[in-house]
Amino acid sequence: MYVDGTVRPRALHSVRPAPDPGAVPRPRRDVGVPGEFVHRPATEDILITAWHRLDDSHFSLAARWPHDHRYFTPHHGHHNIVLVGETIRQAALLLSHTELGVPVGHHFVLTDLVYTTRPEHLAVDGRPRQLTIEAALTHSRMRAGTLVSCRVDMTFRAAGRTVATGHTRFSVTTPAVYRRIRGERLSARRADSPLPAPVPHWLTGSLTDSEVLLAPTDRSGRWLLRIAPGHAALVNPANDHVPGMVLLDAAQQAARALTAPGPFVPYAFSTEFHRYAEHSAPCEIAARRLPSAVPGTTAVEVTGHQQGEPVFTSLLTAPERHR
């Protein structure tokens, strides 16, 4: 499993409008989305722009995908698929804090992050993409009016067309429980020691070496995770572990490196988190091709291990026509 980083506590702003059966639900546009509700301190990294409760388990959200973000760089004319996972993550966190009673400062343990996109609707046209998201809570557990765990299913639409579908499962822990779980590792931070040299950035689809998350090894299809300082959109210096979104991006880079020199533009991405990725030990990233269940596609499995223990497993699927 993997715990998402949090930011400093702040009074919770909760919006619980009573549903009006005769009204057409619209996302709230009279309030901003504070960064602590999506665990992103920089305004430019906040992707959710509005939300609205439809009933006790259904919500509508609005999102904005930038076309020129400094981190989520488009790849071969398409929005970066990690952007979809980050949007799901932010939407789940926002609803948990604003509608489901989770105080800011509690910690989220991600079990998985799974989504499928429609590549024809991911093309970048030089403008930000405005989206609506339908979110449904299932398998939710509450304790004393506060969310303990749940699954959130989401459907993304733009201009009335389905862009992506996906879900995430997670549980919530209090700061006290988190301190007990993490123990002395709670004070761990990313080391400022020199980073190992990256693999060539073009192999990973990155624009510069500062964006590369992989360092070469002497084994084919295997790398070491390297966290460059140019990842402010995903890495909070206060994190006591490697963030899950960094692992997703490392998985995508590994899949691209494995399938190079042809482009690898995945339309489906599923990740299961097994445990924390620690700062204190090397994390080995391995990629291999798998027989694809869908004709005309390429499937790549990427795993992360630390000290022989699994950290995460990702499966990425891309159309053959992009190769």
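**Overview**

I counted the secondary structure of the protein chain first: five helices and 13 strands. Helices (H or I, at least four residues) and strands (E, at least two) are DSSP runs, numbered from the N terminus. This is a predicted model, where local features need pLDDT of at least 70 and side-chain atom pairs count only at pLDDT 80 or more, while totals for chains, interfaces and linings use all residues. Residues are numbered from 1 along each chain as its sequence is written, and side-chain values use heavy atoms, with hydrogens and water left out.

I looked up burial next, and 54% of the 323 residues in the protein chain are buried. Buried means under 20% relative accessible area, exposed over 50%, and partly exposed in between (1.4 Å probe, protein chains only). For contacts (heavy atoms within 4.5 Å), I noted that residues 24 or more positions apart account for 67% of those with a separation of 6 or more.

**Helix 2 and helix 5**

I took each helix by itself to begin with. Helix 2 covers residues 82-99, and 18 of its 18 residues are buried. Its end C-alpha atoms are 25 Å apart, in agreement with the 26 Å that its 18 residues should span at 1.5 Å a residue; the expected span is 1.5 Å times one less than the number of residues. Just after helix 2, I found Gly101 with a positive phi of about 80°.

Helix 5 covers residues 244-259, and 15 of its 16 residues are buried. From first C-alpha to last, helix 5 reaches 23 Å, close to the expected 22 Å.

How do helix 2 and helix 5 pack, and at what angle? I read an angle of about 165°, with the axes 10 Å apart. Axes here are lines fitted to C-alpha atoms over the stretch in contact, and angles run from 0 to 180 degrees between N-to-C directions. Helix 2 and helix 5 are therefore roughly antiparallel, a label for angles over 145 degrees.

I then listed who meets whom: Val82, Gly85, Glu86 and Arg89 in helix 2 meet Met245, Leu248, Asp249 and Gln252 in helix 5. The residues of this contact divide into three nonpolar, two polar and three charged. Nonpolar means Ala, Val, Leu, Ile, Met, Phe, Trp, Tyr, Cys and Pro; charged means Asp, Glu, Lys and Arg; the others, Gly among them, are polar.

**Gly166**

My last stop was Gly166, in strand 7 (residues 161-173). Gly166 is buried, with a relative accessible area of 13%. Its C-alpha atom is separated by 7.7 Å from that of Ile88, 78 residues apart along the chain. Leaving aside neighbours within four places in sequence, Gly166 is in contact with Ile88, Val114, Tyr115, Val152, Asp153 and Met154.

Terms used:
Parallel < 35°, antiparallel > 145°, perpendicular 65-115°, else oblique.
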